[in-house]
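Subject: Structure for you, with notes on its spaces and helix contacts

Hi,

Here is the structure I promised to pass on. Please have a look at it first, and then read my notes below.

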Amino acid sequence: MPSYLITGASRGIGLEFVRQLSKYPSNRVFALVRNKHTAPQLLALSTQHPNVRVLQADVVDYASLKAAAAEVASATGGTLDYLINNAALIDQERHMLALDGYPEGQEALLEEDIHKHIQVNVIGVIHTINAFLPLVRAGSTKKVISISSGLGDHASTVVSGYAFSAPYSISKAALNLAVAKYAAQYKDEGVLFAAISPGLVNTAQKPPSPEELEVFAQMVERFKVAAPGWDGRPLEPEQSVKMVLAVIDRLTIKDTGAFLSHHGNKEWL
Ligand SMILES: NC(=O)c1ccc[n+]([C@@H]2O[C@H](COP(=O)([O-])OP(=O)(O)OC[C@H]3O[C@@H](n4cnc5c(N)ncnc54)[C@H](OP(=O)(O)O)[C@@H]3O)[C@@H](O)[C@H]2O)c1
């Protein structure tokens, strides 16, 4: 009975992981959310699928993660097979400002944007791994997957010329190195750590405004410079998660520390 814990399961890609994994009654799926009351789709899914259990924790609150880990341990007898760190902050408020594009006098805002992405996307993942690692080490599959982003890839950043979304991108690059550090520590023990980008995925909760469409078109133009064969269309969560799960399945301890795309390579789109 493989067990999975997915963070950020209230919506988007995290909710889709729960949807796909819960289809197999032999899987036990622990779905972690900040607030059950703002996750109606997940709650509906958990009433249809008895193998889904919804837990509450904030990834920036270590005590809440430890409490969630204790709940998982008491349900599984102290083990967890797969930890999927999917929760992230993707703040788009100023994402079209380059690092030197904040108006003079607004340096505090730049600092705040960098801090808050690092807090959730790096420190939050590290806290989550530390809280659940004893269970993963006692599990039989021993896979810790952190959902990263192609925006955290150095080479494609330079080739595409995409200078925006910098605080988020910096946080994902730092996450990739945190994953490598865990891999360095736990390779000999057979615990696999990997960072996987899900591609560009449509997780919008409402139709985009004309301004958002304009910004998206500019981003697509940049991305096409790095990926000329790409059709410019985002994936739906269903397709992305299917591909990411296939990559997770193929990973062995030889791949530990890798940063891969949903294709299982360095093609980010
Ligand atoms: N969508 C894309 O194109 C894309 C591309 C590359 C990488 N990614 C990565 O894929 C993952 C999922 O993306 P998405 O598009 O599905 O994101 P999303 O729709 O914005 O959902 C983010 C999820 O993270 C949760 N979350 C945020 N802060 C949290 C915290 N402090 N503690 C616990 N949960 C928290 C949110 O919970 P609430 O509902 O409570 O806010 C939500 O469930 C992320 O790691 C993202 O960086 C996405």
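There are 2 cavities of 30 Å³ or more. A cavity here is a set of points, on a 1 Å grid over the protein atoms alone, where a 1.4 Å probe fits but cannot get out. Grid points are joined across faces, edges and corners, and a volume is the space filled by probe spheres set on the points. This is a predicted model, in which local features need pLDDT of at least 70 and side-chain atom pairs count only at pLDDT 80 or more, while totals for chains, interfaces and linings use all residues. Residues are numbered from 1 along each chain as its sequence is written, and side-chain values use heavy atoms, with hydrogens and water left out.

The largest cavity has a volume of about 80 Å³. Its lining consists of Asp91, Glu93, Arg94, His95, Tyr102, Asp113, His117, Ser165, Pro167 and Tyr168, where a lining residue has an atom within 4 Å of a point. By class, that makes 3 nonpolar, 3 polar and 4 charged residues (Ala, Val, Leu, Ile, Met, Phe, Trp, Tyr, Cys and Pro count as nonpolar, Asp, Glu, Lys and Arg as charged, and the others, Gly among them, as polar). Helices H4 and H6 (166-186) each give at least two residues to this lining; helices (H or I, at least four residues) and strands (E, at least two) are DSSP runs, numbered from the N terminus.

The second largest cavity has about 30 Å³. Around it sit Thr7, Val59, Asn85, Ala87, Val120, Gly124, Val125 and Thr128, with 4 nonpolar, 4 polar and no charged residues. H4 provides the largest share of this lining, 4 residues.

H4 (residues 107-138) also packs against H3 (residues 62-76): their axes come within 9 Å and cross at roughly 25°. Axes are lines fitted to C-alpha atoms, for helices over the stretch in contact, and angles run from 0 to 180 degrees between N-to-C directions. H3 and H4 are therefore roughly parallel (angles under 35 degrees). On the H3 side the contact (heavy atoms within 4.5 Å) involves Tyr62, Leu65, Lys66, Ala68, Ala69, Val72 and Ala73, and on the H4 side His127, Thr128, Asn130, Ala131, Phe132 and Leu135.

Now for the open spaces. The second largest pocket holds about 260 Å³; a pocket is an open set with protein on both sides within 12 Å along at least five of seven lines. It has 14 lining residues, and Gln20, Leu21, Tyr24, Lys242 and Leu245 are the closest to its centre. H1 (12-22), strand S4 (82-85) and H8 (237-250) each supply at least two lining residues, and H8 has the largest share with 5. The lining comprises 7 nonpolar, 2 polar and 5 charged residues.

Two of those helices, H1 and H8, pack with axes 9 Å apart at about 65°, so they are roughly perpendicular (65 to 115 degrees). Ile13, Glu16, Phe17, Gln20 and Leu21 of H1 meet Pro237, Glu238, Val241, Lys242, Val244 and Leu245 of H8. This contact has 7 nonpolar, 1 polar and 3 charged residues.

Best wishes

Key: Parallel < 35°, antiparallel > 145°, perpendicular 65-115°, else oblique.
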